[in-house]
Amino acid sequence: MEEKLELKILDKDEEEFALCNENGDILTRFSVEYEREKAIISYDTKPDFQNKGYASKGLNLLKKKLFESNKVFILELINLSGEYSQKVAENAEFFPRGFSLSCYQTIHPFAEEILERQMASINTEDSRCKKLLEKIRGMRKIQNNTKQKLTDELDRLRRENEGDLDEEYRQRIEKRIKHLEKIVDNSIERE
């Protein structure tokens, strides 16, 4: 039976959130800073609850909530340090921004359509909307390229795993394959 988890709003400005279990224990705390069309997220998971998937689950719930509001189109995770934080980001379908592994981002799945409708409804070529739309299209292209690179890496590792490998290396490859499969499968499911 899957544990019942809930994302709670901790303040009226919707800048503080917490992932709580059914006992009301705070497992992971999230802070959100809004910058126009973007929300910058930081999080902290209590040590007793780390490496159990709570940060990724909470991040997915928060991402859904923020995108459903249609107030923001871009979410960023900043100051990520270490493999654990990067896996949390990747499991929640955030991708590295450029070559930086300390900043990951994701884009509202319908950002382009929403902006195009907004522009059509007010019957204008609002330069701010137009610039944002161009920015999001560029980001989407980078995100899709990153997804393709992950898929290519997964295919390469699967082929390599079929070869004659020492056990320790095989275990590392299988762990990476499992992680990549989760990311790639999540991304395909949502498309």
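Trainee: Why is D155 called partly exposed?

Mentor: This is a predicted model, so the value is computed from it. D155 has a relative accessible area of 32%. Buried means under 20%, and exposed means over 50%. D155, at 32%, is in between, so D155 is partly exposed.

Trainee: What makes R158 and D155 a salt bridge?

Mentor: Their closest N and O atoms are 3.9 Å apart. The cut-off is within 4 Å, so the pair counts as a salt bridge.

Trainee: Where do R158 and D155 lie, and what separates them?

Mentor: Both are in helix α4, three residues apart. That is about one helical turn.

Trainee: Is R158 buried, exposed or partly exposed?

Mentor: R158 is at 36% relative accessibility. Buried needs under 20% and exposed needs over 50%, so R158 counts as partly exposed.

Trainee: What makes E160 and R156 a salt bridge?

Mentor: The closest N and O atoms are 3.1 Å apart. That value is within 4 Å, so E160 and R156 form a salt bridge. Both residues lie in helix α4, four residues apart.

Trainee: Why are E160 and R156 called partly exposed?

Mentor: E160 is at 24% relative accessibility, and R156 is at 40%. Each value lies between 20% and 50%, so both residues count as partly exposed.

Trainee: How do you know that E112 and R140 link distant parts of the chain?

Mentor: E112 is in helix α3 and R140 is in helix α4, 28 residues apart. Their closest N and O atoms are 2.9 Å apart, within 4 Å, so this is a salt bridge. Both E112 and R140 are buried.

Conventions: Residues are numbered from 1 along each chain as its sequence is written. This is a predicted model: local features need pLDDT of at least 70, side-chain atom pairs count only at pLDDT 80 or more; totals for chains, interfaces and linings use all residues. Side-chain values use heavy atoms; hydrogens and water are left out. A salt bridge is a side-chain nitrogen of Lys or Arg within 4 Å of a carboxyl oxygen of Asp or Glu. Helices (H or I, at least four residues) and strands (E, at least two) are DSSP runs, numbered from the N terminus. Buried means under 20% relative accessible area, exposed over 50%, partly exposed in between (1.4 Å probe, protein chains only).
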